[in-house]
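Hi,

Here is the structure I promised to pass on. Have a look at it first, then read my notes below.

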Amino acid sequence: MKARVHVMLKNGVLDPQGEAVRHALGALGFDKVEGVRQGKVIDLDLAEGATEADVTAMCEKLLANTVIESYSIEMQ
Amino acid sequence: MKAAVVVFPGSNCDRDLAVAFEQAGFDVSMVWHKDSALPEGVDIVGVPGGFSYGDYLRCGAIAAQSPICKAVIEHAERGGYAIGVCNGFQILTETGVLPGALLRNAGLKYICRTVNLKVATADSVFTQGYNAGDVIGVPIAHHDGNYFADADTVKALQDQDRVAFTYEDNPNGSVADIAGILSDNRRVLGMMPHPERAADEGHGGTDGAAVFRALAGMVTAA
């Protein structure tokens, strides 16, 4: 069983890396990019019986810092 | 007077912090991250700078879950004194002992130089050796020193006089120029600049020494 966790900086939190990527894309001539936000994808291999609630607890405790980050979970 | 300095894999300012405590008259023990208890009778805990656990996941995130950090959190909850510098500040925010978080520097670059800090409050054991408004030169050395907290938290920090230091010329994008903050009981200080690297003539400046001198005799075990 697998789960994929997406961790992104919350809206309103400056993402300097995303901004740098946006500038670089602009410099390469990709002039239709209005914004870039950069995040993380964390893939978990889970034992049978693991639930989304378990993954939520992992996100709250370690995988995301909810002061600055939001997360979403895909159970696969 | 007893101080304990926590050592994580990847800590690199632990000995500097220990020397600063020793020069201020403390007996210092080094505490390994796998230890689950602080030594008996510790008056203050130092959480040093560095790159604990390689800063994997987020700066300080793995260290915040280590056995010794549970003991540090309990120490702080009992009303014990603690100082976290640089990575130590990041760790203390990750544990929730201090509010907010440290983001990547707004300019994306690692910055290593001496900056001017304003002492924002003299009302703490850490800052009582200064006058509010004093400007001191203290080195910074960080890639993720951009202090962030939501507007309500920043307002609470300001209203409660818990901003310890601000940058004179904000190097990293920190909200409200914040360089260091105090816990609600004023007994825990977290700051990105390194007072322990400005505590001896050999460092090229001694403006940070007052932080440690002021602690001597003022902190008691909790």
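Start with one definition: a residue is buried if 20 or more other C-beta atoms lie within 10 Å of its own, exposed if 12 or fewer, and partly exposed in between, with C-beta atoms placed from the backbone. Helices (H or I, at least four residues) and strands (E, at least two) are DSSP runs, numbered from the N terminus.

A word on the source: this is a predicted model, where local features need pLDDT of at least 70 and side-chain atom pairs count only at pLDDT 80 or more, while totals for chains, interfaces and linings use all residues. Residues are numbered from 1 along each chain as its sequence is written, and chains are lettered from A and ligands numbered from 1 in the order in which they are written.

Now chain A. On helix 2 (residues 52-63), the exposed residues A:Ala53, A:Ala57, A:Glu60 and A:Lys61 sit on the face turned away from the buried side. The buried residues of helix 2 of chain A are A:Val55, A:Cys59 and A:Leu63. Seen down the helix axis, they fall within an arc of 50° (taken from the directions from the axis to the C-beta atoms), so they line one face.

What do the buried residues of helix 2 of chain A pack against? They pack against strand 1, strand 2 and strand 3 of chain A (contact means C-beta atoms, placed from the backbone, within 7 Å). Strand 1 (residues 2-9) of chain A pairs antiparallel with strand 2 (residues 39-45) over 7 bridges, and 7 bridges also join strand 1 to strand 3 (residues 69-75), again antiparallel. Pairing takes at least two DSSP bridges between two strands. Look for A:His6: it stands opposite A:Val41 in strand 2 of chain A and opposite A:Ser72 in strand 3 of chain A.

On to chain B. Its open sheet has 9 strands in the order 2-1-3-4-11-10-9-6-7, with mixed pairing. Strand 2 (27-32) and strand 7 (135-142) of chain B are at the edges with a single partner strand each, so one side of each has no neighbour in the sheet. Inside it, strand 1 (residues 2-7) and strand 3 (residues 44-47) of chain B pair in the parallel sense over 3 bridges, and B:Val5 has B:Gly46 as its bridge partner in strand 3.

Finally, where the chains meet, 12 residues of chain B are in contact with 9 residues of chain A.

Cheers

Notes
Two residues are in contact if their C-beta atoms, placed from the backbone, lie within 7 Å.
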